[in-house]
Amino acid sequence: MTHKTKKLIKAPEDIIPEFIDGFVGAYADLLTVEGLTGRAVVAKHGPRDGKVGIVVGGGSGHEPAFAGYVGRGLADAAAVGNVFASPSPEHILDAGRAADGGVGVLFLRKLHRQRPELHYGRRGVGSRGHADRALHRGQRYRLRAL
């Protein structure tokens, strides 16, 4: 007797776009997608002027969990990477631009297998054209009151 395996995946290249469409569709009153890459899940209530934007992100392993942290009182945007891969710099910039309220963006990420600091921590031009500064785990830093 042969047993045919059932698959939930129609086309591997469409997994992440379909997830994003479904997730944003389920929470259409709270979320939207922005950017040319279609990989920035963004809270509809933001960005707010004078607030530091918060962007989370990571790969889409067993589930693209980072998009679930976007919403009022949580993150302003999420950069969604491929399956078991960090978001690309383009995905991260799309999310950063969408979350920027004019005073900067804090990018939060989880360190894991594929060294996402290559994408998140690289120095260069930020989402609004100014120089970025990366803070790494173990560094001491002080935030100045506004």
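## Helices, sheet and cores in a predicted model

Helix 1 (residues 15-26) lies across strand 1, strand 2 and strand 4 (77-80), and runs at about 145° to strand 1. Helix 2 (residues 89-99) also packs on the sheet, where it touches strand 1, strand 2, strand 3 (53-58), strand 4 and strand 5. The direction of helix 2 makes about 170° with that of strand 4. The model described here is predicted.

The protein chain has 3 helices and 5 strands. Read from the N terminus, these elements come in the order α-β-β-β-β-α-β-α. Of the 146 residues in the protein chain, 33% are buried. Among contacts with a separation of 6 or more, 55% join residues 24 or more positions apart.

The 5 strands form an open sheet in the order 1-2-4-3-5, with mixed pairing. Strand 1 (31-34) and strand 5 (105-109) stand at the edges with a single partner strand each, so one side of each has no neighbour in the sheet. From one strand to the next, the twist averages 25°. In general, strands of a sheet pair through backbone hydrogen bonds, either parallel or antiparallel. Here strand 1 and strand 2 (residues 40-43) pair in the antiparallel sense over 4 bridges. Within this part of the sheet, Glu 34 stands opposite Ala 40 of strand 2.

Which elements give two or more residues to the largest nonpolar core? The core itself has 12 residues: Ile 16, Ile 20, Val 24, Leu 31, Val 41, Ala 43, Val 56, Ala 67, Val 70, Ala 75, Ala 78 and Val 80. Helix 1, strand 2 and strand 4 are the elements that give two or more, and helix 1 gives the most, with 3 residues.

Val 41 is one of the residues of this core. Leaving aside neighbours within four places in sequence, Val 41 is in contact with Ile 20, Val 24, Leu 31, Thr 32, Ala 67, Val 70, Asp 76, Ala 77, Ala 78 and Val 80. A second, separate core has 10 residues, among them Ala 40, Val 42, Ala 99 and Val 105.

Helix 2 is largely enclosed by the rest of the structure, because 8 of its 11 residues are buried. The buried residues of helix 2 are Pro 89, His 91, Ile 92, Asp 94, Ala 95, Gly 96, Ala 98 and Ala 99.

Asp 100 is in the loop between helix 2 and strand 5. Gly 46 belongs to the loop between strand 2 and strand 3.

| Residue | Relative accessible area | Class |
|---|---|---|
| Asp 100 | 6% | buried |
| Gly 46 | 21% | partly exposed |

The side chain of Asp 100 reaches the backbone nitrogen of Gly 102 at 2.8 Å. Gly 46 and Gly 101 are 55 residues apart in sequence, and their C-alpha atoms are 7.8 Å apart in space.

Note on methods
Residues numbered from 1 in each chain as written. Predicted model: local features only at pLDDT ≥ 70, side-chain atom pairs only at ≥ 80, totals over all residues. Heavy atoms only, no water. Buried < 20%, exposed > 50% of the residue type's maximum accessible area, 1.4 Å probe, protein only. Contact = heavy atoms within 4.5 Å. Pairing = 2+ DSSP bridges. Axes fitted to C-alpha atoms, helices over the stretch in contact; angles between N-to-C directions. Polar contact = N/O pair within 3.5 Å; in protein donor to acceptor, adjacent residues only side chain to side chain. Core = buried A, V, L, I, M, F, W, Y, C linked by side-chain atoms within 4.5 Å.
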